[in-house]
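Here's a quick briefing to read alongside the model. Have the sequence and the 3D view open as you go.

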Amino acid sequence: MNVLTQLFLVVSVALLAPIISKLLFRGVVPEVVFLLVGGMLIGPFVLNLVEVGPELGLLRELGVAFLFLLAGFEINPADLKGGSGAKASLVWLVSL
C-alpha cells in the first residue's frame, strides 16, 4: 500500500477517535481507547492496512509520547492522596 494512503489512515484514526468519544459516548470512554482500538484495527495484526516501516517511524514514536501524555491527563492528583494512592505507590515500587 502507498505510504500516503497509510499516512491518511493513521491521520483519519487520530481525527475520528476524539469525535467518536465526545459525540457517541459523551466523553465517558476516553479517546485513548479509540486511538488504541483504531490503531489495532488498521495495524499489521488485524486488517494489515498500515505496515510498520521507517516512513511512519516518527509518527509511531510521537504516538507513544502522546499516549502517555493523554494517560497523564486522566489521572486525578486528588485520588493519589488517599488509600488508593498508597496502594498505587506500593504496586509501582514492587514493579520497579
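Where is the place of Val50? Val50 sits in the loop between H2 and H3, with helices taken as DSSP runs (H or I, at least four residues) numbered from the N terminus. Keep in mind that this is a predicted model, where local features need pLDDT of at least 70, side-chain atom pairs count only at pLDDT 80 or more, and totals for chains, interfaces and linings use all residues. Residues are numbered from 1 along each chain as its sequence is written, and side-chain values use heavy atoms, with hydrogens and water left out.

**How H1 meets H2**

- Helix H1 (residues 3-23) packs against helix H2 (residues 31-42) at about 145 degrees, and their axes are 8 Å apart. Here axes are lines fitted to C-alpha atoms, for helices over the stretch in contact, and angles run from 0 to 180 degrees between N-to-C directions.
- The crossing of H1 past H2 is right-handed, meaning that the near helix is turned clockwise from the far one by less than a right angle.
- On the H1 side, the contact (heavy atoms within 4.5 Å) uses Leu9, Val10, Val13, Ala14, Ala17, Pro18, Ile20 and Ser21. H2 brings Glu31, Phe34, Leu35, Gly38, Gly39 and Ile42 to it.
- Sorted by type, the residues of this H1 with H2 contact come out as 10 nonpolar, 3 polar and 1 charged.

**Along H1**

- Gln6, Ser12, Val13, Ala17 and Ser21 are the buried residues in H1, where buried means under 20% relative accessible area, exposed over 50% and partly exposed in between (1.4 Å probe, protein chains only). Their cover includes H2.
- At the start of H1, a side-chain oxygen of Asn2 comes to within 3.3 Å of the backbone nitrogen of Leu4. That is a polar contact: a pair of N or O atoms within 3.5 Å, where within protein one must be able to donate a hydrogen and the other to accept it, and residues adjacent in sequence count only if both atoms are side-chain atoms.
- Gln6 counts as buried because its relative accessibility is 4%. Beyond neighbours within four places in sequence, Gln6 contacts Met1, Leu49, Val50, Glu51 and Leu56.
- Ser21 is buried too, at 1% relative accessible area, and its side chain reaches the backbone oxygen of Val29 at 2.6 Å. Leaving aside neighbours within four places, Ser21 touches Arg26, Gly27, Val29, Pro30, Glu31 and Phe34.

- Val50 is buried at 9% relative accessible area. Not counting residues up to four places away, its contacts are Gln6, Leu9, Val10, Ile42, Gly43, Pro44 and Leu56.
- Asn48 lies in the loop between H2 and helix H3 (57-73) and has a positive phi of about 55 degrees although it is not a glycine. Asn48 is partly exposed, at 44%.

**Towards H4**

- Gly82, in the loop between H3 and helix H4 (83-95), is partly exposed at 39% relative accessibility.

Notes
Helices (H or I, at least four residues) and strands (E, at least two) are DSSP runs, numbered from the N terminus. Ala, Val, Leu, Ile, Met, Phe, Trp, Tyr, Cys and Pro count as nonpolar, Asp, Glu, Lys and Arg as charged, and the others, Gly among them, as polar.
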